[in-house]
Amino acid sequence: MVECLTVAMVLSDRTIKEEIAKGRIVIEPLDPGCIQPASVDIHLDKKLLVFKTRRYPFYIDVKQSTDDVTELVEIDDEKPFLLSAGEFVLASTLESIELPDDIVARLEGKSSLGRIGLLIHSTAGYVDPGWQGHLTLELSNVSKFPITLYYKMAIGQISFLRLTSPAERTYGSPGLQSKYQAQSEPTASRYFKDYQEG
């Protein structure tokens with residue numbers, strides 16, 4: 001007897017357009033020219049959370065809020081932000097993303113930017129079903145030179161996968177302790193809430 005194994009499938013451009021037309025996948029704003037064969041290009045918003053270089057104490061305590069560790073800056077409409085060699089900042093997608101209960105998304109960098117040392121996430125590349133909001137990007141410059149960041153530049157791409165069945169509890173459901181639902185700008189770590197809620 002042969003068992004049929006259902007696997008998650010990456011959505012093609014045709015299916016992405018169909019899901020957007022049905023309102024099941026929401027990407028706002030969306031330029032139709034940004035839809036690639038199996039992904040959609042996303043862009044950099046202007047707000048960045050920059051880590052302070054001089055602070056006391058000189059460490060990050062994961063059990064405490066990190067609000068005092070970062071400061072919000074904005075990329076000028078005309079001039080770029082210079083991401084120094086070895087620097088790490090939090091940024092946000094220009095686009096707001098919404099997913100239904102049976103689709104997850106994967107966030108990936110642009111290969112052309114990766115080839116100059118710009119990484120857009122270290123661990124936050126997965127977007128749960130039920131997600132709503134702008135995605136926080138973890139921008140790292142692993143090159144030896146500063147890299148320019150421009151407002152609205154194409155910064156990455158998002159692909160979509162259909163689940164084997166709809167999720168029973170989507171992101172943001174009661175009891176899941178979803179910390180970042182409906183975020184509209186780069187959001188600092190809320191890991192410390194695990195200790196407050198646990």
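K152 is partly exposed in this predicted model, with a relative accessible area of 47%. Its phi is near 75 degrees, a positive value in a residue other than glycine. K152 sits in the loop between strand 12 and strand 13.

- A182 is not a glycine, yet it has a positive phi of about 70 degrees.
- The loop between strand 13 and helix 3 (193-197) holds A182.
- A182 is exposed, because its relative accessible area of 54% is over the 50% cut-off.
- By the same cut-off, K152 counts as partly exposed because its 47% lies between 20% and 50%.
- The peptide bond from E28 to P29 is cis, and its omega is near -5 degrees.
- P29 is placed in the loop between strand 2 (26-28) and strand 3.

**Nonpolar core**
- The largest nonpolar core contains 36 residues.
- Residues with the most contacts inside this core are L44, L139, L149, I155, I158 and F160.
- Strand 3 (40-43), strand 4 (47-51), strand 6 (81-83) and strand 7 (88-98) are among the elements that give two or more residues to the core.
- Strand 8 (103-109), strand 11 (132-141), strand 12 (147-149) and strand 13 (154-162) also give two or more residues each.
- In soluble globular proteins, nonpolar side chains tend to be buried together.

**Contacts of I158**
- Neighbours within four places in sequence are left aside here.
- I158 is in contact with S39, V40, I42 and I97, among others.
- Further contacts of I158 include A105, R106, V127 and L135.
- I158 is also one of the core residues with the most contacts inside the core.

Technical notes. Residues are numbered from 1 along each chain as its sequence is written. This is a predicted model: local features need pLDDT of at least 70, side-chain atom pairs count only at pLDDT 80 or more; totals for chains, interfaces and linings use all residues. Side-chain values use heavy atoms; hydrogens and water are left out. A nonpolar core is a set of buried Ala, Val, Leu, Ile, Met, Phe, Trp, Tyr and Cys residues joined through side-chain atoms within 4.5 Å. Buried means under 20% relative accessible area, exposed over 50%, partly exposed in between (1.4 Å probe, protein chains only). Helices (H or I, at least four residues) and strands (E, at least two) are DSSP runs, numbered from the N terminus. Contact means heavy atoms within 4.5 Å.
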